[in-house]
Amino acid sequence: MKHNITKLLTLLFITLYFVNCSPQQDEHAQQRPNIIYIMSDDHAYQAISAYGYGLNQTPNIDRLADEGAIFTRSCVTNSICAPSRAVLLTGKHSFINGKVDNVQPFNWDQDNFPKLLQANGYQTAMIGKIHLDGLPQGFDFSMVLPGQGAYYNPDFLVNGERKRFEGYVTEIITETALDWLENKRDKDKPFCMLYHQKAPHRNWKPAPKYLALYDDKTFEPPANYFDDYEGRGTAVRTQEMKIDGDARWGHDFKMIVDPNGDSTGFNRELNRFNDKQREDWLNAYTPKNDAMKAANLEGEELAKWKFNRYIKDYLRTIKSVDDGVGEVLDYLEENGLAENTIVVYTSDQGFYLGEHGWFDKRFMYKESFGTPLLVRFPKEIKAKTKIDKLVQNLDFAPTLLDYAGIKIPDEMQGESFRQLVGGETNEFREAVYYTYYEYPSVHMVKRHYGVANQRYKLMHFYYDVDEWEMYDLEKDPNEMKSVYGDPEYAEVQKEMHKKLDELRKYYGDSDENDQKFLKAYLDHQEKRRQARKK
Ligand code: SGN
Ligand code: CA
């Protein structure tokens, strides 16, 4: 008996020893989840079939909703590209991380979540569009577009070194991501890959193989496409983002004869086409353009034609994004990585697909404040989960660190939604805070900030106006009439003001901040004016 106990103890000891020694530890390390964070640029949730708008089919992105979670009220803190990316990395509002608009420099020296993952044994990569100047910090491998990047034959900065690539940007980014997964990473470590598409950013140039997609289809614009902007303030009237009015014939609607000629001001980017690409492009667009000219459209008919040209090109670019998601998901499955990899799909912000007559983003109104979010992680997230809480891009850094088992730094302002999406709690923040600074600028969307909860939204436009708007999102989901100042809403208005003051204080924002960033912006513009004069 005694002998048996000794034997058992020895066995137990040996087992424990092996569980603790290094090869097993590596295996343990591998149990930490991998992360693939997919972000496209300006991808409206309305253009993902899982959201149910019926515009297009995105079967691969939809897989994430079928096998994981879809967030119906995910939103951003500042609906513009580079600031959104800075928020993603730092987990801090724009006025704290300093990248408030597309022109201010981004300070890469500050902490970011990939740096923390890296310091804790993760392999990290950043592939695609980041729109932040300077060598990305926190990545073992980076291959990023300089600035906005080009759709055709783009340059990339590969670990900082500029190189030209032949082909279509979305496909190149996907191929690079797959190559990194298969050949470049250290397979003994958990990984985090940021896989960021440029598409469907303006000016919506489709891949050669999708130039004719939707040719046989006519899309109906949204019900408020012919918005007259009654019942709201100055900001909706003075923006410059109307499909029928501000979008350009050459650049946006591709009404060109020869993509290498610039008679209609068509984007210089087209000079990058090779012969085959040019031929395909001309073969696709010339007959459509000729038919359009022959039709002599006017008024509403013309406005609808413009909507169709816009939406078709926009959706064509998304087709390539969706293909890429499919390839990456297939790769994970084929390599036994699907179970232990968190896959996030989102966009840097939402986008207008004709709502209020618009393209572009920037406003705190629904379509650009909201952004798609789908997350799959079979170990913790049940298939077909639906989350309607107000999560924000501010939450990505803390959430991903939480999944990786890394302490979330106190300075990060977002909240981990791991427990929420995992079904362990239904509690989450009740209201979100928003800021926007890039004015006066392209599209002329006025500076504003605001607060939103599930039911109401309060916004303040400032600088060259001083106007408030408030929306009852239940009665007026499309935000067509401000109820600010309406006696019926006096109590709600008071509450929303209180909440706004609270959040500005809580996150560390103030009128002084607004003035400081305004001054920095105007100084920057003045410097550019002076430089142009010289
Ligand atoms: C470019 C676009 C604008 C867009 C900004 C910011 N014009 O200037 O329409 O609002 O980028 O976009 S373009 O025709 O040159 O593309 S962001 O996504 O980078 O913030
Ligand atoms: Ca964007």
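Where in the chain is the place of Thr-58? Select Thr-58 to find out: the residue sits in the loop that runs between strand S1 (34-40) and helix H3 (59-67). The model on screen is a predicted one.

**Stop 1: Thr-58**

Thr-58 has 0% relative accessibility and counts as buried, because the cut-off for buried is under 20%. Show the residues in contact with Thr-58, leaving out neighbours within four places in sequence. These are Ala-47, Ile-48, Ser-49, Ile-318 and Asp-322.

**Stop 2: the whole chain**

Zoom out and colour by secondary structure. The chain has 15 helices and 14 strands. Its radius of gyration is 25 Å, close to the 24 Å given by the globule rule for 534 residues, so the chain is as compact as a globular protein of that length. Along the principal axes, the C-alpha atoms fill a box of roughly 100 × 65 × 50 Å.

Switch to a surface view. The accessible surface comes to about 22,600 Å², and carbon and sulfur atoms hold 50% of that area. Of the 534 residues, 58% count as buried. Among contacts with a separation of 6 or more, 69% are between residues 24 or more positions apart.

**Stop 3**

For six octahedral donors the ideal angles are 90 or 180 degrees.

Now look at how the coordinating residues are covered. Asp-348 is buried, with a relative accessible area of 0%. Gln-349 is also at 0% and buried, and Asp-41 counts as buried at 0% relative accessibility.

**Stop 4**

Lys-129 counts as buried, with 0% relative accessibility.

**Stop 4: Asp-42 and a network**

Select Asp-42, Asp-360, Lys-361, Arg-362 and Glu-438 together; salt bridges link these residues in a network.

Arg-362 lies in the loop between strand S8 (341-347) and helix H11 (366-369), and Glu-438 in the loop between strand S11 (431-436) and strand S12 (448-453), so the pair ties together parts 76 residues apart in sequence. Arg-362 is buried, with a relative accessible area of 4%, and Glu-438 counts as buried at 4% relative accessibility.

**Stop 5: Asp-464 and Lys-446**

Last, select Asp-464 and Lys-446, whose side chains meet in a salt bridge at 3.1 Å, N to O. Asp-464 is in the loop between strand S13 (456-461) and strand S14 (467-472), while Lys-446 is in the loop between S11 and S12, 18 residues apart. Are these two residues buried or partly exposed? Asp-464 is partly exposed at 41%, whereas Lys-446 is buried at 5%. A search of the whole structure finds 40 salt bridges.

Technical notes:
Residues numbered from 1 in each chain as written. Chains lettered and ligands numbered in written order. Predicted model: local features only at pLDDT ≥ 70, side-chain atom pairs only at ≥ 80, totals over all residues. Heavy atoms only, no water. Buried < 20%, exposed > 50% of the residue type's maximum accessible area, 1.4 Å probe, protein only. Helix = DSSP H or I, 4+ residues; strand = E, 2+ residues; numbered from the N terminus. Rg over C-alpha atoms; globule rule 2.2 N^0.38 Å. Contact = heavy atoms within 4.5 Å. Areas by Shrake-Rupley, 256 points an atom, 1.4 Å probe, with all protein chains shown as cover. Salt bridge = Lys/Arg side-chain N within 4 Å of Asp/Glu carboxyl O.
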